[in-house]
Amino acid sequence: MTSQNGNAQVDQKHPFHNHKPVLALVLSILFAGLGQLYNRRWVKGFVLIILQTSYLIVFYDFINIGLWGIVTLGEIPRVDHSVLLMLQGIIAIIILLMGLTVYGINIRDAYLDAQKLKAGQPVPTLREGFRTVYEKGFPYFLVLPGLLMLIFVVIVPLIFMVLLAFTDYNLYNSPPRNLLNWVGLQNFIDLLTVPIWQSTLINVLSWTIVWTFVATTLQIALGMFLAILVNDERVKFKRLIRTVFILPWAVPAFVTIIIFSAMFNDQFGAINRDILGPLLGVQIPWLSDPFWTRFALIMIQTWLGFPFIFALFTGVLQSVSKDWYEAAEVDGASRWQKFKYITFPHLMYATAPLLIMQYAGNFNNFNIIYLFNQGGPAIRGQNAGGTDILISWVYKLTFDSNNYNMAAAISIIMGLFVAGFAFYQFRRTRAFKEEGKIY
């Protein structure tokens with residue numbers, strides 16, 4: 001029935017004209033399925049009642065202890081294990097959020113169905129509902145196992161690490177002998193105010209930034225230079241040259257690093273004994289002086305990283321049209337101008353995301369730092385070695401000195417630094433902008 005002003009009116013003769021959506025909503029809040037029973041959706045209602053009852057029977061104690069544990073971290077030493085309670089609390093919160101999600105869907109479903117019944121509109125049957133869910137939600141069912149795996153393999157450890165940064169978990173206060181305590185931002189304050197932590201953080205962070213920028217830029221520059229050089233039409237035997245340049249990439253990185261560590265050894269290394277000594281009469285302290293250790297690390301990383309960049313740029317250069325260079329030559333462009341306005345922008349546009357990942361990878365490049373000299377040599381007045389970057393410092397704090405709280409705090413700083421840099425760069429990279437929105 002329709003009124004003169006065009007507004008739809010409720011048919012007062014259908015059996016549900018006195019139905020109350022608010023009552024259905026309240027009943028579904030009291031217990032999942034009651035609202036559906038009020039709507040005379042018997043099967044759906046009983047299924048939801050069974051689901052909530054089973055959920056409460058199975059998870060009530062786990063969630064109850066988990067929430068208590070993550071708040072208190074235990075009350076009795078040697079009986080309560082703070083770390084396990086924290087982990088149980090994280091999982092309990094995730095399970096609780098999942099249950100609340102289903103609970104919210106139940107409330108919304110009961111309320112919407114009640115509104116349709118009151119308006120005299122047909123309500124989908126259970127079979128129609130399953131068909132609709134299957135058709136619209138099929139992609140979500142496929143990604144659901146992977147999403148659950150991601151939650152428990154990635155997100156739970158990540159949250160656990162973040163929470164550790166706000167506790168006093170270290171070698172002298174570790175469970176089950178002692179209980180952990182929430183200390184708020186005290187670990188971050190100590191990093192910035194306690195002299196030994198402050199000086200170590202500044203030195204390690206400074207070297208990490210220099211290491212990331214210099215080592216990555218050098219490997220990109222060398223790879224680009226060699227790729228452009230080999231791509232020149234006048235160069236013969238290109239296949240052989242390209243194969244030779246890619247060979248360092250074929251050797252496992254850790255093998256190359258260990259070999260270089262032996263070659264750079266101050267006492268018996270081939271660099272000092274067979275090259276610098278006989279030719280120049282000098283012995284450089286490659287592993288005992290921080291400056292020369294850092295210099296050697298940058299050179300080794302350039303050696304390890306340039307083959308990938310060379311292969312990457314070689315592939316991209318094949319896609320540059322020769323017509324562009326011929327048109328530039330007709331306009332009288334020099335070699336530098338052709339590189340500046342054609343080659344370089346094309347290389348950067350096609351490879352910028354991968355190059356950004358190279359910087360992010362070297363920021364956390366633990367292997368070369370640890371395998372070459374274990375982050376050494378030692379530095380007086382700080383608790384990290386002269387070539388330790390943030391990730392290797394975190395490793396030492398975790399496994400050498402069991403200073404878990406400070407390691408977690410540094411990991412948070414490191415994660416924020418990398419995520420901020422990567423997000424900013426990706427947002428500015430043309431390769432990640434949608435077609436038609438590049439300006």
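Select Phe-339 first: its relative accessible area is 23%, so it is partly exposed (buried means under 20% relative accessible area, exposed over 50%, partly exposed in between, with a 1.4 Å probe and protein chains only). The model is predicted: local features need pLDDT of at least 70, side-chain atom pairs count only at pLDDT 80 or more, and totals for chains, interfaces and linings use all residues. Residues are numbered from 1 along each chain as its sequence is written, and side-chain values use heavy atoms, with hydrogens and water left out.

Aromatic pairs are rings of Phe, Tyr and Trp (its six-membered ring) with centres within 6.5 Å; planes under 30 degrees apart count as stacked, over 60 as edge-to-face and the rest as tilted. The count by this rule is 24. Phe-339 and Phe-344 make a tilted pair, 5.8 Å centre to centre with 50° between the planes.

Phe-366 is partly exposed at 21%, and Tyr-395 is partly exposed at 28%.

For an aromatic cluster, select Phe-260, Phe-264, Trp-286, Phe-291, Trp-292, Phe-295 and Phe-372.

Then show the largest nonpolar core, of 34 residues (a set of buried Ala, Val, Leu, Ile, Met, Phe, Trp, Tyr and Cys residues joined through side-chain atoms within 4.5 Å). Among those with the most contacts inside this core are Met-86, Trp-393 and Leu-397.

End on Leu-397. Leaving aside neighbours within four places in sequence, its contacts (heavy atoms within 4.5 Å) include Trp-197, Tyr-404 and Ile-410.
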